[in-house]
Structure formats: structure tokens, C-alpha cells
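Look through the sequence and the fold, then read on.

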Amino acid sequence: MDYRFYFIYTVEGKVKKATESNNDFDFTFTANKNKIKAVLKPKRPLTVNKFYIERDYRFKDGAKFFANGFQSWTDSKEFVKTDKMDGIGRIGRSIYGRTMGMDAGGDYNFVNEEKKPGTFHSIGLAYIRGGKEVDFYGSLSDRTGYTIIYADMNKNTLTFSKDIEGIIIEKPYEILNVFHAVGEYDWVFDRYFEALEVKPLTDEKLKGYTSWYNYYEKINEEVILRDLEALAPFKDEVGLYQLDDGFETAVGDWFSVDKKKFPHGLKFIADAIHEKGFKAGIWLAPFGAKRNSKLAKEHPDWLVTSLTGQIVPVGHNWGGFYALDIYNEEARAYIKSVFDTVFNEWGFDMVKLDFLYAAAAIPMHGKTRGEIAYDAIDLLRECCGDHPILACGAQQLPCFGKVEYMRIGADMSLGWPHNFLRRNMHREDVSTPNAIANSIYRRGFNGRAFLCDSDVFLLRRTNIKFTPEQQALLAQFIKIFGKVLLMSDNIAEYDEEQLKMFHHIMAEDDTALVDVNEDNGKVFVDYIENGETKTLRFNLYDGTIY
């Protein structure tokens with residue numbers, strides 16, 4: 001097979017284009033059935049403008065291209081030739097959206113936007129599937145920069161690119177290192193993670209409670225202790241009780257606990273959780289700082305800034321927020337002190353770490369976004385030691401083998417279909433269909449890179465738009481596809497039927513996925529439960545159960 005190499009770079013102030021080695025650099029390229037590797041050896045310093053390698057690829061009739069999303073929440077699915085890939089929505093690309101940094105949570109600033117059907121891109125890994133056969137390509141490291149795989153089913157091409165624009169190369173640089181395998185789904189994922197030499201840090205399921213999907217930020221000591229008391233009789237079935245967002249006065253000001261909500265502080269909460277026999281978990285966004293937080297006002301030099309010195313917005317949550325620069329020594333020390341307090345003073349056992357993409361929103365300090373993302377996860381692993389991490393809003397490859405648990409889809413909505421706002425925001429917004437699809441199409445990560453979190457199951461009848469039948473289906477789906485089983489209900493409000501379903505989902509029985517098929521929104525999940533073969537049948541987009 002023929003590969004075509006394209007390199008645009010700047011040397012001594014001149015922009016040049018190259019398709020082979022020349023007086024400025026040597027280029028070493030290897031391609032065989034198991035690997036695609038490219039190394040650039042500069043003869044003098046080069047600044048990268050653009051790099052990609054293209055090859056012809058015959059997409060067979062009915063072929064499907066799996067596009068892995070940028071981070072946890074980004075929709076990830078198989079596409080066919082007639083599909084069109086979403087970009088950022090009208091709200092996201094508006095002046096308001098750009099001012100709030102809505103584009104920072106995705107790959108909108110460094111990939112080519114697909115404007116017509118049949119053209120797609122994937123971050124880190126991708127595959128082309130025809131029937132049972134999977135033609136798999138996966139980066140062996142994105143630390144040098146995110147690997148972007150483009151598929152053009154109209155022109156019948158595959159393109160391998162790298163997010164390294166602006167990087168200065170002065171010594172041999174591994175631009176591309178991609179693993180390749182052809183076989184059935186589980187076989188190629190097994191081979192990929194063997195090549196990565198990555199293994200999950202735990203095989204222990206995470207089961208329990210999180211406060212978010214019932215109360216969101218409207219939590220207080222009374223609510224947390226009430227739901228804890230209700231769950232206490234079931235401690236043999238669940239192990240974790242997690243306090244989510246809403247305890248702090250502002251994101252970033254982690255030592256400033258809201259005294260009106262939690263008058264006795266958070267050590268009191270952790271101790272109460274332990275007294276009831278649970279492990280205590282807490283939510284943090286360790287790289288985030290709300291615009292009006294004390295941290296942002298008093299330490300603007302700790303925040304990520306552009307080349308022009310402007311503080312970079314990285315999301316619209318909490319009225320807008322910024323990111324801490326992990327290479328700033330004072331900011332880094334602050335992050336470490338937060339975890340020291342969480343574990344050693346307050347007494348929490350594990351952490352859910354959210355909005356992790358923020359640390360690497362832009363390239364800086366001569367580093368690629370990929371290198372920053374890897375460094376950020378390494379910092380968190382150092383801070384947490386042996387304490388388990390549930391990562392969320394995180395780039396996937398940098399977390400392989402580095403976190404125990406990973407959210408692999410968007411937050412569940414409290415209803416099924418997308419609303420008007422979701423359709424006009426961005427690919428990372430709250431979405432039940434997204435959460436389900438990502439669980440299906442990222443299932444290859446589960447038990448290989450980490451244990452996957454498909455998000456919560458919810459069985460309550462109030463403050464929710466799911467039907468009881470949809471709730472039961474989603475709970476069973478999450479049990480099949482995920483290793484994190486959390487709920488957000490006050491279990492004291494459950495009736496006999498809800499309690500029966502709760503016990504069923506939490507039970508350590510023999511449940512295993514056999515096969516899954518999704519075609520134009522129709523999902524069929526075949527699984528075995530205690531020796532009996534069963535099938536879930538439903539519509540991905542509107543929640544209709546067949």
C-alpha cells in the first residue's frame with residue numbers, strides 16, 4: 001500500500017512544503033501489517049505548520065468507521081457513508097459560546113471540520129468494520145501530540161495527522177506511531193492493549209451513591225446525611241457514598257466550604273460516611289477555577305494564558321471558568337495541597353475528578369496538547385497515590401492504565417431525547433443517547449484500560465422524565481456495559497418494585513455481554529444472565545422499547 005507524506009514547516013523564517021526528505025530534515029517511515037511509524041530528524045530547528053500521511057483505502061459497501069471522541073463526553077460511534085459528523089453547534093460557535101470557551105471541551109480548534117456526509121475524524125484510535133471483521137488503528141502514544149485519523153469515504157482515503165502545529169523540532173521526533181491489526185472486535189482490542197503494555201489498575205466494581213443526579217449543586221448537610229441514613233441498611237451491596245459538586249463556595253476555592261450548607265465541615269461528612277460502613281468519595285475539578293473565584297482573582301498568574309497574555313476561558317459551566325497552569329510551581333503546589341487536605345485532613349477515600357480536559361485546552365510552554373494532557377494525568381496520579389480515581393471530562397488515551405475508573409460518555413439527562421439546547425451546543429453536552437452510544441462503542445476500553453463508567457441508573461419516580469420501563473432498561477444496560485454502578489436516589493422513597501430492581505442491579509451475578517448491534521438508532525443487546533440468554537431492544541434516540 002502506498003502512503004503519501006505531506007509536511008509544511010517553517011525554517012529560518014521561510015515556509016516550506018515537502019513530500020520527502022531534503023536538506024532540512026531526514027524522514028524515516030515504516031509501514032507493515034502491524035505498525036505505521038514516522039520519525040523526523042531535523043538538520044536544523046523546524047517549526048511545524050502541518051503534518052499528515054495519507055493512503056488510499058477502499059471502503060466496502062456497508063463499511064462503518066468508528067470515530068473515537070476527544071474526551072469522556074464527546075459522542076463516539078460508528079458512522080456509515082451517508083452520515084454527517086456534527087461540529088460545534090450554533091450556540092457553541094456564537095460570540096457568547098466563544099467568549100465562554102465552549103469550544104475548549106472538544107477538538108474544534110485543531111481538527112478539520114467535516115462539512116459533508118462520508119467524512120469523519122477520530123482521536124487516538126479508529127477502526128473500519130465490515131461484518132465481524134475490524135480493521136483497527138491505534139496510537140501507541142499521544143504524548144507527542146494527539147493522533148487524528150481522518151476517513152473520507154467519498155474519496156476512499158485514510159489520513160493520519162498529528163496535533164503538533166507550532167512545535168519546534170530540534171532533535172529526532174517520533175511524529176507517528178500507530179498500531180494496526182485486523183480481526184474480530186475483542187481480538188484487536190486485546191492486541192492493542194498488549195502493544196501499549198497497559199493494564200487496568202483494578203478489577204473491583206464501584207457501586208454506590210452520588211448526590212449529583214438528584215440535587216445537582218443544591219446539596220447540604222441535611223440532604224447528604226438523610227440519604228446516607230436511608231442507604232445504610234444496604235451497605236453490604238454498595239461500597240461508596242460520594243459527595244458531588246455543590247459543597248464549595250466556588251470551583252477552585254476548595255478550602256472554602258460553604259458553611260451554610262455544611263456547617264460542620266467535610267471531615268464531619270467523611271466521618272459520618274465511614275460510620276455507616278461506606279467508603280467516602282468526593283467530587284473535584286482540580287484544574288478548574290470559576291471566573292469570580294477567589295483563586296482566579298488573587299492568582300491570575302496561576303491560570304492558563306494565551307500567547308498574548310489573555311486568560312483562556314475553558315467552559316461555560318458555573319458562569320464560566322478558567323484552567324490552572326500545571327507548570328506553574330505555585331499552582332502545582334496548590335493542587336497538591338488540595339489533595340493532601342482531601343485525603344489526610346478530611347479523610348475521603350477516593351475522588352471523582354472532573355473537567356480534566358481543561359489543563360490541556362491549548363498548547364503552551366513549547367508542549368503539545370497531548371503532552372500536557374499526559375503530564376496532567378501523571379500529576380493527578382502522583383497526588384492521589386493509591387487512592388482510586390474516577391476520571392471524567394478527560395481525554396482517553398492519557399488515562400489508559402493511569403486511573404481506576406473512567407466516565408466514557410456524556411452525563412445522563414433526566415429524560416431520553418435530545419432537547420433543542422443540546423442540538424445546538426456541542427458534542428460534549430448532557431445527553432442520554434450519547435451516554436448509551438459511547439458505552440456501546442467504547443466497550444473495548446472496559447477492563448483493558450480501566451473500568452468504564454456508563455453513568456448512573458435512576459429508579460426514583462419524581463424529578464425525572466424516564467418511564468419506569470426506560471429506567472429498568474437503562475439500569476440493566478449500565479450493569480451489562482459498565483463496572484461503575486452508582487445511583488442518586490433517596491432509597492427511602494423506593495417501593496417494593498424499585499427495591500427489587502436495585503438489588504438486581506447491585507447483585508454479583510453472572511451477567512455478560514454476548515453481542516451488540518446498532519443500526520440507524522435501533523439497538524439490540526444480547527447478553528447472558530445466570531445462564532439465560534436475553535436481549536435488550538430499544539431506540540437509541542427516543543427511548544422506544546421494542
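Which residues in H8 meet which residues in H9? From H8 come Arg332, Ile335, Lys336, Phe339 and Phe343. Their partners in H9 are Leu379, Leu380, Glu382, Cys383 and Cys384. By class, this contact holds seven nonpolar and three charged residues, with no polar ones. Note that the model is a predicted one.

**Packed helices**

Two packed helices are described by the angle between their axes and the distance between the axes. H8 covers residues 329-345, and H9 covers residues 369-384. They pack at an angle of about 35°, and their axes lie 9 Å apart. The crossing of H8 past H9 is right-handed.

H5 and H6 form another packed pair. H5 spans residues 221-231, and H6 spans residues 265-275. Their angle is about 10°, with 11 Å between the axes. The two helices are therefore roughly parallel to each other. On the H5 side, the contact uses Glu221, Ile224, Leu225 and Leu228. On the H6 side, Phe268, Ile269, Ala272 and Ile273 take part. Seven of the residues in this contact are nonpolar, one is charged and none is polar.

H11 and H12 also pack. H11 is made of residues 432-441, and H12 of residues 468-481. Their axes come within 10 Å and cross at roughly 30°. That makes H11 roughly parallel to H12. This crossing is left-handed. Ile436, Ser439 and Ile440 in H11 meet Leu474, Phe477 and Phe481 in H12. The contact counts five nonpolar residues, one polar residue and no charged ones.

**The largest pocket**

Rolling a probe the size of a water molecule over the atoms shows where empty space is left. The largest pocket has a volume of about 910 Å³. Its lining takes in 43 residues. Which of them lie nearest the centre of the pocket? They are His316, Asn317, Asp411, Asp429 and Val430.

Three elements each supply at least two residues of this lining: helix H4 (212-215), strand S19 (313-315) and helix H10 (420-423). H4 gives the largest share, three residues. By class, the lining of the largest pocket has 19 nonpolar, 13 polar and 11 charged residues.

**Cavities**

How many cavities of 30 Å³ or more are there? The count comes to four.

| Cavity | Volume | Lining residues include |
|---|---|---|
| Largest cavity | about 70 Å³ | Thr210, Tyr213, Gln242, Asp244, Lys352 |
| Second largest cavity | about 50 Å³ | Asn68, Gly69, Phe70, Ile123, Gly124 |

The largest cavity is also lined by Leu390, Arg407, Asp453, Asp455, Val456 and Leu486. Its lining divides into four nonpolar, two polar and five charged residues.

For the second largest cavity, the lining also includes Asp142, Tyr146, Gln395, Gln396, Leu397 and Pro398.

Notes: Residues are numbered from 1 along each chain as its sequence is written. This is a predicted model: local features need pLDDT of at least 70, side-chain atom pairs count only at pLDDT 80 or more; totals for chains, interfaces and linings use all residues. Side-chain values use heavy atoms; hydrogens and water are left out. Axes are lines fitted to C-alpha atoms, for helices over the stretch in contact, and angles run from 0 to 180 degrees between N-to-C directions. Helices (H or I, at least four residues) and strands (E, at least two) are DSSP runs, numbered from the N terminus. Angles under 35 degrees count as roughly parallel, over 145 as roughly antiparallel, 65 to 115 as roughly perpendicular and the rest as oblique. A crossing is left-handed if the near helix is turned anticlockwise from the far one by less than a right angle, and right-handed if clockwise. Contact means heavy atoms within 4.5 Å. Ala, Val, Leu, Ile, Met, Phe, Trp, Tyr, Cys and Pro count as nonpolar, Asp, Glu, Lys and Arg as charged, and the others, Gly among them, as polar. On a 1 Å grid over the protein atoms alone, a cavity is a set of points where a 1.4 Å probe fits but cannot get out, and a pocket is an open set with protein on both sides within 12 Å along at least five of seven lines; lining residues have an atom within 4 Å of a point. Grid points are joined across faces, edges and corners, and a volume is the space filled by probe spheres set on the points.
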